[in-house]
Amino acid sequence: MSATGTQATVRELAGDRYAGRRVGTSGGRAAATWLATQLGELGAQVQLSEFDVAGVRELYATPVLAWSGVGQTRHLEHRRDFVEHLASAELPHPRTALLTKVPKTDSGTGSETGSETGLRGRWVLADATTWGRACELAEAHGAAGVLTVRGTDADGWMPKMIAGPPARVVPIIAGRPEVHRRLGEALDNGLVQMTGSMPLRQITTRGRNIYARFPRTETGGHRGGDGSVGGNAGLRVVLSAHYDGVGDAPTSACPRPPTTPPGWPRSWRPPACWRPRRPGRWS
């Protein structure tokens, strides 16, 4: 395995023509076809197998998030300042309403204080520990939606994801910690109006597995657990990785590493010494 070959594979799979390689897309299918061709050229018997994938989140337009209060108006940037929450209900068009915080719980009765009048028709600001309760209250009292918090990666971006918890009844938007903090501070000093949309839906699509079986070769030997040295007649090696990505956003490209599981190489091509000595599969 050469550095040049690995770099070429990375550049290919991260290329624009695959559009992020999300499962079920033309880019994902094209990536599978390309990988199958490469494995075939290495001498493998290749088989493609399709399967159903349910609950894939599809962001079909760019979400909107803006707020105004205390003499300022902010229009926030998707994936830099806020991102879709995977439990969000679909909200295709912007919704404008006042923002409020999650009601406090009465220590004596355990009930919410003023929840019905305080939440109806409003966006609800919730932190990472209270967003579930905020959703329940928002659904029960007719709130506009929930704004919670989510961290960023090392480069300050909020990465895209396509699978997560079951969808709620209300739309949910996740802001970066600084945005969440500023909204809380603005609420402490007066009224805050928020406008948000979440054009996110769940779809069922078709995925593709790639199976590659290499012919048996009897070369060299190996040392067994008892210290004996023998041939590799009983040796079978199975390697697996995924090649799909999360897909590009509607108006921008998302990070597209060829494969992401920790501990696996960033290229599908393994060193020659990893090739199976007996019939085995890569998937």
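Trainee: Which strands does helix α5 lie across, and at about how many degrees to β5 does helix α5 run?

Mentor: Helix α5 (residues 177–188) lies across β2, β3, β5 (91–101), β6, β7, β8 and β9 (192–198), and runs at about 50 degrees to β5. Axes are lines fitted to C-alpha atoms, for helices over the stretch in contact, with angles from 0 to 180 degrees between N-to-C directions. The model is predicted: local features need pLDDT of at least 70 and side-chain atom pairs count only at pLDDT 80 or more, while totals for chains, interfaces and linings use all residues. Residues are numbered from 1 along each chain as its sequence is written, and side-chain values use heavy atoms, leaving out hydrogens and water.

Trainee: How many helices and strands are there in the protein chain?

Mentor: The protein chain has five helices and 13 strands. Both are DSSP runs numbered from the N terminus, helices being H or I of at least four residues and strands E of at least two.

Trainee: How do you know that β2 and β3 pair, and how many bridges join them?

Mentor: Strands pair if DSSP finds at least two bridges between them. Gly69 stands opposite Gln72 in β3.

Trainee: What is the strand order of the open sheet, and why do β3 and β4 stand at the edges?

Mentor: The eight strands follow the order β3-β2-β9-β5-β6-β7-β8-β4, with mixed pairing. β3 (72–75) and β4 (82–84) each have a single partner strand, so one side of each is left without a neighbour in the sheet. On average, neighbouring strands of this sheet are turned by 25 degrees against each other, direction ignored. Helix α4 (residues 131–141) also packs on the sheet, touching β6 (123–125), β7 (145–149) and β8 (172–175), and its direction makes about 175 degrees with that of β7.

Trainee: Why is Thr205 called buried?

Mentor: Buried means under 20% relative accessible area, exposed over 50%, and partly exposed in between (1.4 Å probe, protein chains only). Thr205 has 12%, so it counts as buried. Thr205 lies in strand β10 (residues 200–213). Beyond its neighbours within four places in sequence, its contacts (heavy atoms within 4.5 Å) are Val23, Gly24, Phe51, Asp52, Val53 and Val56.

Trainee: Are Ala19 and Arg21 buried or partly exposed?

Mentor: Ala19, at 34%, is partly exposed, whereas Arg21, at 1%, is buried. Ala19 is in the loop between α1 (3–13) and α2 (26–41), and Arg21 is in the loop between α1 and α2 as well. Phi is positive at each of these non-glycine residues, near 50 degrees for Ala19 and near 60 degrees for Arg21.

Trainee: What makes the charged end of Arg80 sit over the ring of Trp157?

Mentor: The rule asks for NZ of Lys or CZ of Arg within 6 Å of the ring centre and within 35 degrees of the ring normal. The charged end of Arg80 is 3.7 Å from the centre of the Trp157 ring, and Arg201 lies over the face of Tyr60 at 4.1 Å from the ring centre. Both distances are therefore within the 6 Å limit.

Trainee: Which residues have the most contacts inside the largest nonpolar core?

Mentor: They are Leu99, Trp123, Ile173 and Leu183, in a core of 21 residues. Such a core is a set of buried Ala, Val, Leu, Ile, Met, Phe, Trp, Tyr and Cys residues joined through side-chain atoms within 4.5 Å. Its largest share, four residues, comes from α5.
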